[in-house]
Each structure stands twice: as C-alpha cells, then as structure tokens.
2 protein chains.
Amino acid sequence: MSPALKTPPAPDSEDALTALVALVREDLDACNRQILERMQSPVALIPQLAAHLIAAGGKRLRPLLTLAAARMCGYRGDRHVRLAACVEFIHTATLLHDDVVDESDLRRGRASANAVFGNQASVLVGDFLFARSFELMVEDGSLEVLRILCGASATIAEGEVLQLVIQNDTSSTEEQYLDVIEGKTAALFAAATRVGAVVADRPQAEAEALDAYGRNLGIAFQLVDDALDYSAKQETLGKTVGDDFREGKITLPVLLAFARGDEAERGFWKRVLEERQQDEADLPQALELMQRHHAFEDTIARARDYGDRAIAALAGFPDNPEKQALANVVEFCIARAR
Amino acid sequence: MSPALKTPPAPDSEDALTALVALVREDLDACNRQILERMQSPVALIPQLAAHLIAAGGKRLRPLLTLAAARMCGYRGDRHVRLAACVEFIHTATLLHDDVVDESDLRRGRASANAVFGNQASVLVGDFLFARSFELMVEDGSLEVLRILCGASATIAEGEVLQLVIQNDTSSTEEQYLDVIEGKTAALFAAATRVGAVVADRPQAEAEALDAYGRNLGIAFQLVDDALDYSAKQETLGKTVGDDFREGKITLPVLLAFARGDEAERGFWKRVLEERQQDEADLPQALELMQRHHAFEDTIARARDYGDRAIAALAGFPDNPEKQALANVVEFCIARAR
C-alpha cells in the first residue's frame, strides 16, 4: 500500500470530488446522457418526476464510483457507463420511496418529489426506475453483474424495512443499526464499485477488494450523514437539522448519547423518540446531550475508522490517478462533517 | 384451430380453474414451496407482511399460466416453476404498491397489508419482492427471460402512472384506458405465458402466440374486473362495490355511460369523479346510469371479444390437455361476471 494513500493529502473535500469528476469527465457526460435518455417514457409524468430528482443534481457519487473503479482496473470499453446509469436509477428509486416512507418535504434543499407530485406518483415512478435499472443490466448482458446489482437491490429493501422496524425503539442495538446502514446505504456502494472489477474482467480477489472498499466507504458515508443530522453544518448542505430526530430514527449518535446518559436522560430520549412527544425545546436539548457525551465526534471517529478500511482495501491495486481519486473520495465523505 | 376451442365448453367457471390446477398440481405445489422459501428474510417483518398477502391465497392465476404454457409447449424440466414464483412475486409487489396508491383498506376480502402494517412497510416490502423476483430470474440465467420479465415490470409501472394521470379526468379516452390496462394488467399476463415458450425453447412465432394469448386474456380479465366494480356480484367475491367509483377511476363502464349520457348525466359524472363530490345517493345513481346505457353488458361483451382473440392465439399449438385448460381459463375469467 502506498503511504500516500494511508493518509490522504487531506484536500479540500469538494476538491476531491472535483478531481474525480475531472478524471472521468467524458464517462460521466456519457452516463448523464444515458440517464436522461433512459428515464423517458410516453407517460410524460415519469420523466417530469424523474427529472425533478435526477436532473436537479445530486453529486452522482455512486455512478462516479463505478466509472472510476472500472478505469482503475484498466477497463477501456464503455459498459461501465450504462452500469453507472443503472446504479443511479436504483439510487433514485430508493430516494423516491424513502421520501414517501419518511414523509419528507425536502430533498437536496428543495421540495421533495412526493411533496410536489404526491406520494402515489413517487411510489410508481420509483417502481418504473427500478424496472428500468434492471432493463439496463439485462442490456449489459452479464449474469455476474446482474447477480451483484439485483442482490444489492434486495439487500437495500431489507435494510430499509429493518430501519422501519427498529425506528422509535431506543433499546435497539449498535449491531442492528449497522445492519440497517450496511443494507440501505453500503450495499449499493459495494455493488457500484464491485461491478467495476467485473466489467474489467479482473480476478475475484479484486472484485472482493472493490466490494470492501465500497462497503466501508458506504458505512462511513452514512455515519457522517447521521452525525450531520445533529449538526449546524447540516444547514449549509441545504438540509434541515433534526430530521432524524423528528422521525424518531435511531442512529449511532442517539445510541451513544443514550448509552452514556443517566436515567433522566434516557427518560428524555424515550419520551421524544419512542413516545414521539416533542416540543420546541427538545431538539436543542438533544443537541446539548450529544455534545455532553461526544456523540457527534465519536460517530465521526467511527466513520474515519471505516474510511481507513476503505482506503486499505485499495492496497492491492496498482497506483494510478483513479486509485488516488477513490482514496480521496473517502476524505470527501468524511470531511463533510467539518 | 380446433372448433372445440372456438366455443369453450362453457364449464362452471370455478371448474375451469380447478381443472387447470389439477393438471399442473405438482408444479404448483413446487411453485408454492419456492414462493414461501424465497420470501424469507432475516428481517421478520418481510415474510410476515408477504405472508399476509401471498399465503392468504389469491388464485395464483398468473403462475398457473406460466406453468400450463410451458407444459403445453412440451417442456419437461423445472425452470418454469421458479419463473412462475417470480411472476407471482412481481404481481404481489404491484398489489402492495397499488393498495398504498389507492389507499385501499380491503384486498381479497380481508384487511389490506397497508391497513394492517402501514404504508411504509408496504412500499418497502413491495420493493423487496420486486428485487427478489429479479434475483429469481437471474438464477434462471436466461437473458431472454430476463428481457421479457424486466420489460413487463417497466410496462406495469408505466401503466400505473398513466392510470394516475388520467384518474378523475372524464375527458380521457378509451385508447388511454386501454393503454392503462394493457400496461398494468395485460403486460404481466403476456410475459407470464410467453416465458413458457422460451423455457421450452420453442420458435419465436410460438413465443409471440403465447404473448398474444396472455395479453388478450389480461385485457379481458381487467375489463371484467372493472365491470364487476359496478355489479352486486362483486360482493360475492369479497370485494366492495364502487371502489373505483369512490377513487374516481376512469374505467370503460364509466367511459361508455359518459359518452352515451345527456348533458345532465355528464354533469353528474364530472361532479362525482372529477370534483370528487359524492354523497350516499351517488353510487346508486351511477349504477342506474350504467344500466340505462348498457355499460356493464357492453364492457363484458368487449371482454368476450378479447377472450376470443386469446383463444384464437392458441390455434397453432397441438391439442393437449394444457391447451384446453388455457382456453377454459378464458371462460373462467369472463364468467366471473355472471
């Protein structure tokens, strides 16, 4: 493993993503064209609603990972472009269904699709994008790729259901929480990077290394997301502080503060998250408890730990610009918390 | 085409289905085992919710079609069993999402899954079953089968979205209505029967004939369903009369009554379906208008017409018990209206 990767050059985090984008610019443009083309339908509401979410941006983080992973593996064809689009469709479909499930009004700083088009349309257009993503995989024609991405889709749904089950339950465990985020977030990161090795026809060990990279990165990414929900930094990202809190989602910062709190504090968490009795003073109170017990920093430290594992998983690959960019992406994901 | 098929022996309709079940009993048992096995998950809520819908019965009409179509084509292996399970998973996933979209409280005469487990769980378990159905296809390993069933899934979603778009719009056309039911219902019937020819490795013409059989049968099936929503017969099927009416769904009986009504009647339809201002007297009034304009009988006559096309599509296949059973299924679907 090159020492440069062990401690990434701590670039400005946006720069890390910009550098990755610059590196696969042509592929990304082709992927965006593919996305726009394949979300079309004679039923006009489908591209309208999909455009609200897809065209509105988002970082394209997952497709970027597919593109860079394939190139890092020396792949020179263009199958990875279609698969990157496919990964973005799966991601978008889950976002649409998530917002219905969470009853969210905001997504990426603007009105969520369900708030604009209604829950019904969001459910059905999500289904369309799922089905379309499978069509893209079938067009690629590799059963190995199909196995990876279909498996990830099933795992995502399992993670989401588990999250629903343990929601509002302060007795749920860190292990359950990790199962949730491995399912709902990390499984798609892992599949997105793994298929890079598969299209490049690399040995099984490299596919597994890229799977480990994506999985650990995905866990780190979600840990940071969950920490940010309790941070003022969140507002600069166009999101509201305390969304998880209001929904009674049990995330690592909550589990840490709960475990480290005294009886009165546990009573507080049970009232606000289990019984969902919240008033205006409760979010500030929650933030104070988080601070008292270092729940935010320790969640970020945990994220950094998974981030290190992600970087370590790249060790066996030859040094090239894509490898460096993938290592820097880890820093990008974690630095959002700064 | 054998004349016996042109005019099916008009069996008691339940007998037609019973005969089909008897003919593929072993396959159906294997399919049911496959369904129960593959809806399992470490997340207990998934099999619980799936069992509510799947184990609670339903006729297994679509998987029966796959099983019988493969056997009619002379197939002697067991790939069709897994694909029949896959078809039932797709169907179940769409039912779960439909009930969320329709806000239904009843399904097959008992509380719908969303009424018992909540909308959120229904959306997510539907996603799981979709993903699982794709995993089953991938295990089968035929790209041709994958193409057919993935394509059907995308078409189903398109049909459902179109239905949502033209809902409450009395100016929508018969053509749009046919697009909706071809998408939401007939596409899966067509795919379910078509894969029978594919696993049996039959020529393209036979795959297309089975596609036509399934598609026309599916349209007939949905036409009868839509007619039944305005018939007292509905209650004997454990469903409520007037569900479509209350939701403002524009179905063929409505389009016929609307087109044949005078200005006052059109005003009535606009008030109740477009403006959704309904009171107790309105459903009886709607039923009376349907009767006055023969909307029910003419919808059934249209269904019979599509049923005849379905039977005609079987003409090229050698006579065997499965072919006769598939012809009789047409009668089963239409006779529900009697």
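1. R194(A) sits in helix α10 (residues 174-199) of chain A and D211(A) in helix α11 (residues 204-228) of chain A, so the pair ties together parts that are 17 residues apart in sequence. Helices here are DSSP runs of H or I, at least four residues, numbered from the N terminus. E182(A), R194(A), D211(A) and R215(A) are linked in a network of salt bridges.

2. A word on the basis: this is a predicted model, in which local features need pLDDT of at least 70 and side-chain atom pairs count only at pLDDT 80 or more, while totals for chains, interfaces and linings use all residues. Residues are numbered from 1 along each chain as its sequence is written, chains are lettered from A in the order in which they are written, and side-chain values use heavy atoms, leaving out hydrogens and water.

3. Over all chains, the structure holds 48 salt bridges. Another one joins E139(A) to R38(A), with the closest N and O atoms 2.8 Å apart. Helix α8 (residues 119-140) of chain A carries E139(A) and helix α3 (residues 25-38) of chain A carries R38(A), so this pair ties together parts that are 101 residues apart in sequence. E139(A) is partly exposed at 36% relative accessibility, whereas R38(A) is buried at 15%.

4. Now to where the chains meet: 35 residues of chain B are in contact with 36 residues of chain A (heavy atoms within 4.5 Å). Together the two chains bury about 3,300 Å², 79% of it on carbon and sulfur atoms; buried area is the accessible area (1.4 Å probe) that two parts lose on being put together, summed over both. Q120(B), L124(B) and E158(B) supply 18% of the area that chain B buries against chain A, more than any other three residues.

5. How many salt bridges does the rule find across the interface of chain B and chain A? The count is zero. On the side of chain B that touches chain A, α9(B) gives the largest share, 14 residues.

How values were computed:
A salt bridge is a side-chain nitrogen of Lys or Arg within 4 Å of a carboxyl oxygen of Asp or Glu. Helices (H or I, at least four residues) and strands (E, at least two) are DSSP runs, numbered from the N terminus. Buried means under 20% relative accessible area, exposed over 50%, partly exposed in between (1.4 Å probe, protein chains only).
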